[in-house]
Amino acid sequence: MNLSFKINQKDDCFMIRKIVFMEEQGFENEYDEIDDKCIFITLYDKEHCIGCIRTFKDEEEGVWIFGRLALLKEYRGKHLGKEIVLYAEQYLKQYHIKEIHLHAQCTKISFYESMGYEPYGDIDLDEGMEHIWMKKICNIE
């Protein structure tokens with residue numbers, strides 16, 4: 001693999017999200033008004049987009065939200081999802097973040113816990129799938 005990251009390749013990110021969330025998982029309301037204020041981080045194998053995540057600044061100072069982490073099926077199980085999250089965390093250092101929050105599918109809790117995220121609050125349903133909020137305190141200056 002020849003991996004690289006790009007910033008704000010919205011069309012590529014939308015393509016990955018359509019495949020993973022809509023076609024594979026059956027979500028119908030994948031795109032929202034939050035997309036208008038996001039930074040999109042995409043992962044490529046050569047010139048082929050294989051994964052993405054979006055991030056945006058929360059109303060609370062120093063808090064950013066991750067969402068829509070997606071990776072094409074044939075690239076799963078190779079620790080590339082973790083690489084996307086770690087790259088996104090590194091990218092956000094320039095904004096002097098204090099915390100990162102994300103709304104995780106409950107089946108992915110252990111994945112995020114392995115990177116230091118902790119669940120909080122109650123489980124809720126997003127289009128019939130259980131999700132929970134998670135956060136990571138970032139002592140990034």
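## Helices and strands

In this predicted model, the protein contains three helices and seven strands. Followed along the sequence, these elements come in the order β-α-β-β-β-α-β-α-β-β. The radius of gyration is 14 Å, close to the 14 Å from the globule rule for 141 residues, so the protein is as compact as a globular protein of that length.

## Overall dimensions and packing

The C-alpha trace spans about 35 × 35 × 30 Å along the principal axes of the protein. Of the 141 residues, 43% count as buried. Contacts can also be sorted by how far apart the two residues stand in the sequence. Among contacts between residues at least 6 apart, 61% join residues that are at least 24 apart.

## Surface and charge

The protein carries 18 positive and 28 negative side chains. The centres of these two sets lie 5 Å apart.

Strand β6 covers residues 118-126 and strand β7 covers residues 129-137. The two strands pair in the antiparallel sense, over six bridges. Tyrosine 120 has tryptophan 133, in β7, as its bridge partner. In a regular strand, side chains alternate between the two faces of the sheet.

Two residues lie between the strands of this hairpin. Glutamate 127 is in the loop between β6 and β7, where its phi is positive, at about 50°.

Most residues other than glycine have a negative phi. Glutamate 127 is not a glycine, yet its phi is positive. Histidine 79 is another non-glycine residue with a positive phi, near 65°.

Where is histidine 79 placed? Histidine 79 sits in the loop between β4, residues 63-71, and α2, residues 80-92. Is histidine 79 buried or exposed? Histidine 79 counts as exposed because its relative accessible area is 63%, and the cut-off for exposed is over 50%.

Terms used
Residues numbered from 1 in each chain as written. Predicted model: local features only at pLDDT ≥ 70, side-chain atom pairs only at ≥ 80, totals over all residues. Heavy atoms only, no water. Pairing = 2+ DSSP bridges. Helix = DSSP H or I, 4+ residues; strand = E, 2+ residues; numbered from the N terminus. Rg over C-alpha atoms; globule rule 2.2 N^0.38 Å. Buried < 20%, exposed > 50% of the residue type's maximum accessible area, 1.4 Å probe, protein only. Contact = heavy atoms within 4.5 Å. Lys, Arg positive; Asp, Glu negative; His and termini not counted. Charge placed at Lys NZ, Arg CZ, Asp CG, Glu CD.
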